[in-house]
Amino acid sequence: MPNSETVKEALNKKAAFGKDLDLDHYDERADETIEVDDLESSEYKKYMEQVGIMADEMDRTGTLLFVDNNPSHCSTKLQEGIEMMSTKQALARYDGLKDYFWKAMDPTKDKYTAKTYLEDGDGYFIRVKSGYHIKNPVQTCMLLNKDKSIQNVHNIVIVEDNASLEMLTGCSTAHHANDALHVGVSEIFVGDNANLTFSMIHSWGKQTGVRPRTNCIVGKNSNYTNNYVILNPVGSLQSFPVATLGDNSSATYNTMCIAHENSEIDTGGMVNLNGFQSKAQILSRSISMGGHMTARGRMVGNAPEAKGHLECRSIILKDGGATLAIPELEAHIADVEMTHEAAVGKIAQDQIEYIMSRGLSEDDAVSLIVKGFLSGGIKGLPPELQRELDEAIAKANVGD
């Protein structure tokens with residue numbers, strides 16, 4: 001790891017993409033620990049449930065809730081092979097997590113990672129031991145609860161060799177904390193012959209700044225799926241997760257976004273195809289409802305017989321915003337196969353008229369088409385996560 005002085009210099013380093021946010025704007029420390037024993041009776045229940053977090057914890061292996069910068073709730077069901085705790089607890093238990101702590105992510109990447117490093121941000125630590133396949137998803141929730149504050153969290157997820165895990169992480173802003181900033185640094189390690197599905201459903205405030213920073217290292221013969229969904233208004237969101245693949249491994253990124261008026265969203269993902277016969281898909285579906293939407297995808301082919309595909313589809317529902325698709329393919333050897341396609345347009349009038357002929361209003365017809373477009377954006381989700389996504393789409397404010 002670099003020394004603190006080197007990281008301090010990075011506090012002035014703008015992110016490669018997205019709007020530059022002034023960290024000094026967020027001047028409130030949010031270090032109070034808020035204990036939440038019962039999620040169902042918690043005042044935060046409504047915020048959790050709108051991002052797929054089940055307060056009754058049914059069909060979940062465990063739950064980790066952070067309110068601002070401290071853990072508020074941690075519960076696990078009795079299942080061998082999984083550990084869940086705060087990052088700081090794991091650092092104390094495992095002698096600093098020397099093989100994982102700031103190993104996948106460079107803290108000097110930009111001002112947001114540097115801030116998290118220097119603030120020594122806590123977060124969640126989840127580890128699945130070798131040979132274990134966790135039956136039900138784990139759920140985590142990051143909640144902003146203090147206005148003008150920064151949430152700096154540092155998460156570590158480890159799925160060891162011959163293991164598997166499904167994760168749902170829902171993040172949200174309390175109404176009174178609209179003008180706050182979330183910075184979530186996540187380092188993910190997937191071993192050999194292992195599988196991880198990492199799904200994020202976010203619902204922020206109209207002024208909230210959001211800067212997730214996620215890097216994943218994937219071993220041999222393994223699969224990593226990263227799903228990202230944001231359907232409600234947000235101030236400024238910028239996310240560009242990176243995965244690096246080993247031999248015969250695969251990564252799939254699915255992104256689903258609605259850019260409402262005054263929202264600025266810049267999302268996508270990057271995959272380094274470093275392993276022999278590694279494969280990747282980066283798929284994006286987005287809608288501009290007067291907001292600014294940028295969808296990025298980047299693949300780098302570094303190994304023989306690597307294959308990848310980028311696909312971006314966008315609908316513009318309202319004038320005044322913008323949508324931009326930026327696919328990038330980079331190859332360093334001859335024996336790779338990578339493709340991309342992008343499409344931007346509007347909803348066909350004959351589709352609207354056909355649905356209206358069935359008795360629906362024009363607004364309802366547009367809403368139905370949009371929700372069908374979004375629902376087709378992510379394939380192969382576990383049934384539990386598909387239900388959560390369908391509910392989020394049903395609640396989304398589209399077509400109005």
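1. Helices and strands are here DSSP runs, a helix having at least four residues and a strand at least two, numbered from the N terminus. In these terms, Ile34 is found in the loop between H1 and H2. The model under discussion is a predicted one. Ile34 counts as buried, because its relative accessibility is 17% and the limit for a buried residue is under 20%. Along the sequence, Ile34 and Phe66 are 32 residues apart, while their C-alpha atoms lie 8.8 Å apart in space.

2. On the overall fold, the protein chain has 7 helices and 20 strands. Its radius of gyration is 20 Å, which agrees with the value near 21 Å that a compact globule of 400 residues would have. Along the principal axes, the C-alpha atoms fill a box of roughly 65 × 55 × 45 Å. Of the 400 residues in the protein chain, 58% are buried.

3. The surface carries a patch of negative charge, in which Glu35, Asp37, Asp38, Glu40, Glu49, Asp56 and Asp59 gather. Asp56, one of the residues of this patch, is placed in the loop between helix H2 (45-49) and strand E1 (62-67). With a relative accessible area of 39%, Asp56 is partly exposed.

4. Glu57 counts as buried because its relative accessibility is 17%.

5. Charge pairing is the next topic. Side chains of opposite charge can pair when their charged atoms come close. A search of the whole structure finds 15 salt bridges. Among them is the pair Glu5 and Lys8, whose closest N and O atoms are 3.4 Å apart. Both residues belong to helix H1 (residues 4-9); because they are 3 residues apart, about one helical turn separates them. Lys8 is partly exposed, at 42% relative accessibility.

6. A second salt bridge joins the side chains of Lys111 and Asp20, with 2.9 Å from N to O. This pair links distant parts of the chain, 91 residues apart: Lys111 is in helix H4 (residues 111-118), and Asp20 is in the loop between H1 and H2.

7. Asp179 lies in the loop between strand E7 (164-173) and strand E8 (181-190), and Lys148 in the loop between strand E5 (138-144) and strand E6 (150-159), so the pair ties together parts that are 31 residues apart in sequence. Asp179 is buried, with a relative accessibility of 8%. Lys148, by contrast, is partly exposed, with a relative accessible area of 27%.

8. Although Asn162 is not a glycine, its phi is positive, at about 60 degrees. Its place is in the loop between E6 and E7. A relative accessible area of 38% means that Asn162 is partly exposed.

9. Where is the place of Asn227? Asn227 is in strand E11 (residues 223-230). Its relative accessibility is 2%, so Asn227 counts as buried. The C-alpha atoms of Asn227 and Thr252 are 8.2 Å apart in space, and the two residues are 25 residues apart in sequence.

Note on methods: Residues are numbered from 1 along each chain as its sequence is written. This is a predicted model: local features need pLDDT of at least 70, side-chain atom pairs count only at pLDDT 80 or more; totals for chains, interfaces and linings use all residues. Side-chain values use heavy atoms; hydrogens and water are left out. Patches are made of residues with over 30% relative accessible area and no salt bridge: like charges are joined within 9 Å, nonpolar side chains (Val, Leu, Ile, Met, Phe, Trp, Tyr) within 5 Å. Accessible areas come from the Shrake-Rupley method with a 1.4 Å probe; for residues, only the protein chains shown count as cover. A salt bridge is a side-chain nitrogen of Lys or Arg within 4 Å of a carboxyl oxygen of Asp or Glu. Lys and Arg count as positive and Asp and Glu as negative; His and the chain ends are not counted. The place of a charge is taken as NZ of Lys, CZ of Arg, CG of Asp or CD of Glu. Buried means under 20% relative accessible area, exposed over 50%, partly exposed in between (1.4 Å probe, protein chains only). The radius of gyration is taken over C-alpha atoms; the globule rule is 2.2 Å times the number of residues to the power 0.38.
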